[in-house]
Amino acid sequence: MDLEIQQRVKDLTEKYGAENVIVVIGGAEAEASGLSAETVCAGDPTFAGPLAGVALGLPAFHMLEPEIKDACDPAVYDEQCGMMEMVLDVDEIINEVKSVRDEYAKYSL
């Protein structure tokens, strides 16, 4: 997660309150998605960005998780995510993001 996005997440959390913010990740790899989830839940693990040492406790979900997929218009989801859902290792990505969320998130949907 780049520094600009970290700052945006931090600002939105301060403005709306952590209990009112969720983060939806769209990474194509489990490890990268897990790092993004960890950044918004437990703080930037690289200690390089605005969230270094800042544990927001935000719930992070991947776009392919059922909770997010089910909240989308099926036609729009299929058009925007359908192809990626067929080529990515969906279970690995979901397991990685969910394990981070279960360990560090203070809030839920």
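In this predicted model, Cys 81 is buried, its relative accessible area being 12%. The cysteine sulfur closest to that of Cys 81 belongs to Cys 72 and lies 6.7 Å away, which is too far for a bond, given that a disulfide requires two cysteine sulfur atoms within 2.5 Å. Over the structure as a whole, the number of disulfides is zero. Cys 72 accordingly takes part in no disulfide, and the nearest cysteine sulfur to its own is that of Cys 81. In contrast to the buried Cys 81, Cys 72 counts as partly exposed, because its relative accessibility is 26%.

Among the helices, H2, which comprises residues 30–42, and H5, which comprises residues 90–104, have axes that come within 8 Å and cross at roughly 20°. With this angle, H2 is roughly parallel to H5, since angles under 35 degrees are classed in that way. The crossing of the two helices is right-handed. On the side of H2, the contact is formed by Ala 30, Ser 33, Gly 34, Ala 37, Glu 38, Cys 41 and Ala 42, while H5 contributes Glu 92, Ile 93, Glu 96, Val 97, Val 100, Arg 101 and Tyr 104. Sorted by class, the residues in this contact between H2 and H5 comprise eight that are nonpolar, two that are polar and four that are charged.

Beyond H2, the loop that runs between this helix and strand S2 (60–62) contains Phe 47.

Glu 85 counts as partly exposed, because its relative accessibility is 24%. When neighbours within four places in sequence are set aside, the residues in contact with Glu 85 are Leu 64, Lys 69, Tyr 77 and Val 90. Between Glu 85 and Lys 10, the separation is 75 residues along the sequence, and their C-alpha atoms are 29 Å apart in space.

Technical notes
Residues numbered from 1 in each chain as written. Predicted model: local features only at pLDDT ≥ 70, side-chain atom pairs only at ≥ 80, totals over all residues. Heavy atoms only, no water. Axes fitted to C-alpha atoms, helices over the stretch in contact; angles between N-to-C directions. Helix = DSSP H or I, 4+ residues; strand = E, 2+ residues; numbered from the N terminus. Parallel < 35°, antiparallel > 145°, perpendicular 65-115°, else oblique. Left-handed = near helix turned anticlockwise from the far one by under 90°. Contact = heavy atoms within 4.5 Å. Nonpolar A, V, L, I, M, F, W, Y, C, P; charged D, E, K, R; others polar. Buried < 20%, exposed > 50% of the residue type's maximum accessible area, 1.4 Å probe, protein only.
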